[in-house]
Amino acid sequence: MQFEVWAPLTGRVAVRLDDVTYEMTRDPDREGWWTAQAPAADGSRYGFLLDGEETPRPDPRGRRLPDGPDGLSAVVDFGTLAPRRTPPRTTLQDAVLYELHIGTYTPEGTFDAAAARLGHLASLGVTHVELMPVCSFPGRHGWGYDGVAPWAVHEPYGGPAGLAHFVDAAHGAGLGVVLDVVHNHLGPSGNHLPAFGPYFTDTHHTPWGAAVNLDAAGSDEVRAYLLGSALAWLRDYGIDGLRLDAVHALADDRALPFLEELAAAVDELAADTGRPLFLIAESDRCDPRTTTPRAAGGLGLHAQWNDDFHHALHCALTGESDGYYADFAAAPFAALAKTMTRAFFHDGTWSSFRGRSHGRPVDRRRTPAHRFVGYTQTHDQIGNRALGDRLSASLSPGLLACAATVALTGPFVPMLFMGEEWGAGTPWQYFTDHPDPELAEAVRSGRRREFAAHGWKAVEIPDPQDPATRDRSCLDWSEPERGPHARLLDWYRTLVALRRSHPDLRDPDLAAVRVVHDEEGRWITFRRGDVRVCVNLSPEPVTITLGRNGVRVLACWEPVEAPGPDGRVRVPGESAVVLGP
């Protein structure tokens, strides 16, 4: 077997394989690369010795880290992993995404335990599971955004074999799999990349310190490293798409942006394999160029999260107005109407949170609605709250049903966060498991300082390092069968089924969406082709004039009579109704 590693700044490299050391030689055809031949098989442990070091370091491109980020790598024979079942061919236009964290989806926190619950998702009707990051990180439990090995799978979840089995099980259940990957930084502990080469640069600075090197000397190899990792998830595990974390934090001044290069490579792989692969960006820029096709001068990503839609809906539901919610809270129904018809609220408008104008208008003539992902809750919007409280902690079942109606019948690709479909009573809090005591204390005290600025007492903030914080965040699987949870779950199933059975609800034409709202009356109604949706967030009944006859009730949270000859429909308080021909 050939072992190879990029280590351009070293004068000597060796590979230690099962306690035997093999000297490596420079590759004459690839500057900075070292190679060696050594006998190895699936599971063989190995690491690299740089410039006479006594302790080997894990392979930057290692696919398995059985003992964690500071241990040896292990050879993975992908031919021995789960067999490949035919993946579904669902496109983004027809997708309903479901964000899931392996470590808290079940108490066991493993791929196998999550796979055993895929039947729930299939019956819910979602099309894709969007996994939060599964790259290796120190400790057992964490959100995954402190990963330090972009090619390796977190061993406590089940390692490469567990991920392969999960993907295969999902495909067998008719579900696609999207994986959240992090290219903008690596975690603060267990990161061995700087010892190998210029993976980071001081040319730019980020909230996490030195930036990932996408544009300084040596960046060709760093970009190839990240691009190769992204393609490996899609190729070797059969994953169907990637969610790219916080792409606005990628510092990249090259003429060919890394994101454009990545999008082109994924499109090429999709063409070669005949699979509808896609990339979804998280970006706070409100820049339509993120998803504009490359031929039209954009980066060519396939969709992006739409936080503006979330913020407008959240303010309409809760009345919150702190921080970035302030601009949306001034007139939340108007903000929601704008996002539903123009995607971005901030499209060149003033942002009081940023102290400047922000965003750029979306060209609705050439930008389909499925370039944007819409949601009522995400891991960020729950977990970054002081107590990790979900909407279900403060809203009635009726308002939760209203929120679901807007997201699942609205113009964007809907995404649910695990447990929201039954109004989970469990929080989803910020938790970590840093083995380094100094880092653990820094994270604990830093989070308490952050929320002290907003009036919280230190004792009120859950300790991220306390195992109970993670345990509280696990879903309670007895809830979906009980009381109001079961009713809300049935409503979600109904809405997802309506979206699937009514093409108008998947119409990509943003310019065709019609919205009417009453800020004071706290209601909004919108039209998607021949489908009309009325949502009343007020506790009192409202009468809404639809302006046409001949529609019937397709679904309603509380009983609603079909409109009479005058085209008026009476919607009970905190309720929603979907009507169609």
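View 1. The side chain of Gln377 lies 3.1 Å from the backbone nitrogen of Leu391. A polar contact is a pair of N or O atoms within 3.5 Å; within protein, one must be able to donate a hydrogen and the other to accept it, and residues adjacent in sequence count only if both atoms are side-chain atoms. Residues are numbered from 1 along each chain as its sequence is written, and side-chain values use heavy atoms, without hydrogens and water. The model is predicted: local features need pLDDT of at least 70, side-chain atom pairs count only at pLDDT 80 or more, and totals for chains, interfaces and linings use all residues.

View 2. Gln377 sits in the loop that joins strand E20 (372-375) to helix H11 (379-383); helices (H or I, at least four residues) and strands (E, at least two) are DSSP runs, numbered from the N terminus. Beyond its neighbours within four places in sequence, Gln377 contacts (heavy atoms within 4.5 Å) His310, Ile382, Arg390, Leu391, Phe417 and Glu420.

**View 3. Burial of Gln377.** Gln377 counts as buried because its relative accessibility is 6%. Buried means under 20% relative accessible area, exposed over 50%, partly exposed in between (1.4 Å probe, protein chains only). Of the 581 residues in the protein chain, 59% are buried.

**View 4. The chain around the site.** The protein chain holds 15 helices and 28 strands. Its C-alpha trace spans about 85 × 55 × 50 Å along the principal axes. Among contacts with a separation of 6 or more, 70% join residues 24 or more positions apart.
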